[in-house]
Amino acid sequence: MPKVKASKEIEGKLIAVEGLDGSGKSTQIRLLKRWLELEGYKVFFTEWNSSELVKKATRKGKKKKLLTPTTFSLIHATDFADRYERQILPLLKGGYLVLADRYVYTAFARDSVRGCDRDWLRKLYRFARKPDITFFFELPLEVALGRILEGRPALKYHEAGMDLGFSKDPYESFRVFQGKIYEEYGRIFKEFPVERINACDPSEMQQAKMRETVRRIIDLKKFKLKRGVKS
Amino acid sequence: MKSKRFYGKGLPNVDPSQLTGPLIVIEGSDGAGRSTQIEFLLNWLERKGYPTVVVGLKRSELVGEALAEAMRGNTLNAITLNLFYATDFADQLERTILPALKAGFVVLADRYIYTLMARDIVRGSSMEWLKEIYGFALVPDAVFYLNTSPKILAERNFQKRGFLDYWESGMDIQRVGGMYDNFIKYQNRLHKVFQALQREYGFYSIQGSRPSLSIAKEIRARVERILTSTGEKAPEKTMVAGRETAPSAPEKAAYVPEPQPEDKPKG
């Protein structure tokens with residue numbers, strides 16, 4: 001059996017999608033995942049905010065309104081770190097394509113709107129590897145708001161940014177909050193490399209552009225899942 | 001009194017000049033005698049009439065329980081553990097320490113960011129990164145470090161509960177024979193880091209092997225100096241009808257924790 005050195009080199013590739021709620025990014029990354037799976041590549045999908053570790057504490061913090069901008073940011077960073085250390089990094093080292101529905105840029109945008117220092121946030125998340133590709137789904141703010149608010153969904157307190165005191169009306173608060181996040185995203189993607197997708201284009205066009213970008217940047221054949229190979 | 005400051009950029013919406021109470025930190029490993037000293041100091045302060053609040057690691061309302069629970073599982077990775085503790089610390093800082101200091105209370109911290117930093121440095125994080133993260137921490141008025149040899153620490157842990165703690169033995173990052181050897185090795189590593197931190201932050205180092213009463217006296221004398229230099233000899237001054245009176249910004253008589261001559265570590 002050939003010796004395998006524990007290497008610091010990371011063979012895997014990380015693809016992230018970012019954008020406002022209602023931009024269609026989750027739909028698109030799922031389609032991308034389906035494509036990669038059906039083509040027989042080693043692929044893993046991860047979502048922002050899904051770890052069991054701090055769920056109870058986050059719920060408690062939200063319910064009892066204990067969270068401040070700093071603890072809100074730190075508790076989510078803890079959650080992300082758990083997912084990062086337990087899944088994302090080992091999978092990347094193991095040569096997987098890791099697809100992330102939202103990544104650290106979500107924290108940069110949301111937490112700085114809540115009042116955390118931008119520079120502090122970037123340093124806080126310094127342990128997280130930069131994505132090999134980040135897709136940003138662009139669309140006019142009004143269109144995004146329209147898509148989300150059309151059905152008058154029940155907005156959660158923090159989701160609507162009610163903790164920031166923009167407005168007593170959750171819908172109005174949500175509008176202001178999303179508007180600020182929109183501005184912040186603009187700032188972030190002047191700073192970090194990004195592939196922009198026009199979220200107003202037809203879905204299949206967006207998907208085609210994503211696939212083409214992935215093929216251009218990533219040497220996919222390295223990620224073929226070897227089936228039926230005895231180890 | 002020189003007004004308080006943060007190590008880095010601090011916290012959104014907090015003006016450190018309003019924090020008039022003194023913040024006293026006691027650092028040291030489990031078994032160094034921290035809780036004994038905290039108790040002595042608390043009794044002394046309260047007897048003198050100073051309203052005092054004690055804080056410590058893993059005691060936040062927000063994540064204290066969750067963190068304790070996660071640690072029982074022994075499956076936390078280093079960065080996650082660090083950020084979990086940072087959350088716990090931030091919650092206590094913002095919702096307990098700062099309001100208490102603002103009201104002119106004395107705050108006694110049973111460990112502070114230095115323990116968190118030391119543990120994480122031993123686990124491979126860079127000091128520079130940790131300094132950035134903990135830039136929101138307040139600079140204490142004094143830090144007492146109970147410098148105690150790993151052998152004595154082990155002995156005191158045995159006396160107290162009969163076994164050594166998994167995390168305090170660094171079992172998540174090293175295996176060198178049994179638990180005892182791990183404990184000694186890990187505590188030695190921590191100790192080295194603490195020495196570096198001491199140079200950086202100027203702790204007042206005290207030999208933890210000394211009799212607890214004599215240590216208590218030394219700490220008391222230092223704390224007394226801080227209390228008088230903050231100009232709050234009588235706590236009544238800052239406690240007007242139980243309201244937070246942002247105590248009339250007292251004259252600026254500087255107290256900066258100066259670097260202290262380090263006690264010779266006991267071999």
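How many bridges join strand β4 (residues 142-147) of chain B to β5(B)? This is a predicted model, in which local features need pLDDT of at least 70, side-chain atom pairs count only at pLDDT 80 or more, and totals for chains, interfaces and linings use all residues. Residues are numbered from 1 along each chain as its sequence is written, while chains are lettered from A and ligands numbered from 1 in the order in which they are written.

Select β4(B) and β5(B): 4 bridges join these strands, which run parallel. Helices (H or I, at least four residues) and strands (E, at least two) are DSSP runs, numbered from the N terminus. Now pick B:N147, whose bridge partner in β5(B) is B:Q207.

Next, show the whole sheet of chain B. It is open, with 5 parallel-paired strands in the order β2-β3-β1-β4-β5; strands pair if DSSP finds at least two bridges between them. At the edges, β2 (52-56) and β5 (204-207) of chain B each pair on one side only.

Angles run from 0 to 180 degrees between N-to-C directions, with axes fitted to C-alpha atoms, for helices over the stretch in contact. α3(B) also packs on the sheet, touching β1, β2 and β3 of chain B.

Finally, select α3 (residues 78-102) and α4 (residues 113-122) of chain B, whose axes come within 10 Å and cross at roughly 175 degrees. α3(B) and α4(B) are therefore roughly antiparallel (angles over 145 degrees). Among the residues that meet are B:F89 in α3(B) and B:L116 in α4(B); contact requires C-beta atoms, placed from the backbone, within 7 Å.

How values were computed. Parallel < 35°, antiparallel > 145°, perpendicular 65-115°, else oblique. Contact = placed C-beta atoms within 7 Å.
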